[in-house]
Amino acid sequence: MINRATILGKTLYGADIYSHIIREHFPAEIVMHVKGRDCGIIRNPFHSWEPTLKINIIRLEPEKKLCDELAVHHDLSGTIPDGDALDFAERYYGKSGQFLLEHINKEMNLHLEEDFQYYQKPGEKPQGPKFSFFRAPITNTRPYKSITLTGAFAYITGHYAAEQTKTLRSITDKNQARLYKAAHFDYATFCGQFRTRSDKDVLEVSNLICLDFDHLADVEGLFQALLQDEYFETELLFRSPSGHGLKWVIPIAENRLSHADYFRRVAYYIKQTYGIEPDRSGKDLSRACFLPYDPNAYLNPKYATR
């Protein structure tokens, strides 16, 4: 789906549109420095490429904890009027409306016109539990569709998040990387299907739990160890967007416990067995898990089509 919201969701609220246009002409430069919502002053193609465009990311409804954001510009030279990223792109590309959005999608390789499919035989229904899939940014709390582990595996091993994953791993500033990930990565709630991403809005639980391991000293070593764990069967396992962690999806074997209590038991076992602790956010039923590109992800063979 190509619309204003999806374009802004894939381009750090539009900030990447500015930097993409400038980088075309100055590929050897770092064209934008992002610190929080301050994107600094960048070159202006409408003023002899002089650095006169002040870029900021603003919150559209600042009174709300979570709200839409938008990259806007102010031209210090007064050559062009103030506006947002799409106003800037319209002026630069000479296109407007849906033609502009489709041009940005193609120009920046956002792949918004594509949708990932289940790899299955004609007429065969997807196997396994279902959970909600959400389009970026993280402020979008309404699911795009329900998928299964087969669909998530198809997404992760496909090219859908390849460009975002490559870009994220090139960002050295931790705060900038966090903002980029929140703005650019689609995500899933492996624990169930939701009306909106909130524990109180759960429609159906999946009986899956996702453990998130960050800042690992040996990513590949733990990857292999988890696959061979004697107590928990791995349903899906993949590297994190940063490349320094793992996401481990396993079935919930004890339904009498609450989700949070089951998480605590599994976390205790992991700490005792592997000497590491999963991210505590895993105790939340509606926890969002960003989906990166990992061509070497693992899917339990029982979900493979025959």
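How many bridges join β10 and strand β12, and in which sense do they pair? I looked this up first. β10 and β12 (residues 246–251) run antiparallel and pair over 6 bridges. For pairing I asked that DSSP find at least two bridges between the strands. I took helices (H or I, at least four residues) and strands (E, at least two) as DSSP runs, numbered from the N terminus.

A note on the source: this is a predicted model, where local features need pLDDT of at least 70, side-chain atom pairs count only at pLDDT 80 or more, and totals for chains, interfaces and linings use all residues. Residues are numbered from 1 along each chain as its sequence is written, and side-chain values use heavy atoms, with hydrogens and water left out.

**Entry: strand β10**

I stayed with β10, residues 208–213. Next I asked about cover. I called a residue buried under 20% relative accessible area, exposed over 50%, and partly exposed in between (1.4 Å probe, protein chains only). By that cut-off, 6 of the 6 residues in β10 are buried.

**Entry: cysteines**

How many disulfides does the structure hold? I counted 0. My cut-off was a pair of cysteine sulfur atoms within 2.5 Å. Cys289 is buried, at 1% relative accessibility. I also looked up Cys39, which is buried with a relative accessible area of 1%.

Most residues other than glycine have a negative phi, and most peptide bonds are trans. I noted departures from both.

Which residues does a cis peptide bond join? I found Ala136 and Pro137, with omega at about 5°. Pro137 sits in the loop between β5 (130–134) and β6 (145–148).

Leu12 has a positive phi, near 50°. Leu12 is buried, at 5% relative accessible area. Tyr13 lies in the loop between α1 and α2 as well. Its phi is positive too, about 60°, although Tyr13 is not a glycine. Is Tyr13 buried or exposed? I logged Tyr13 as buried, with a relative accessible area of 8%.
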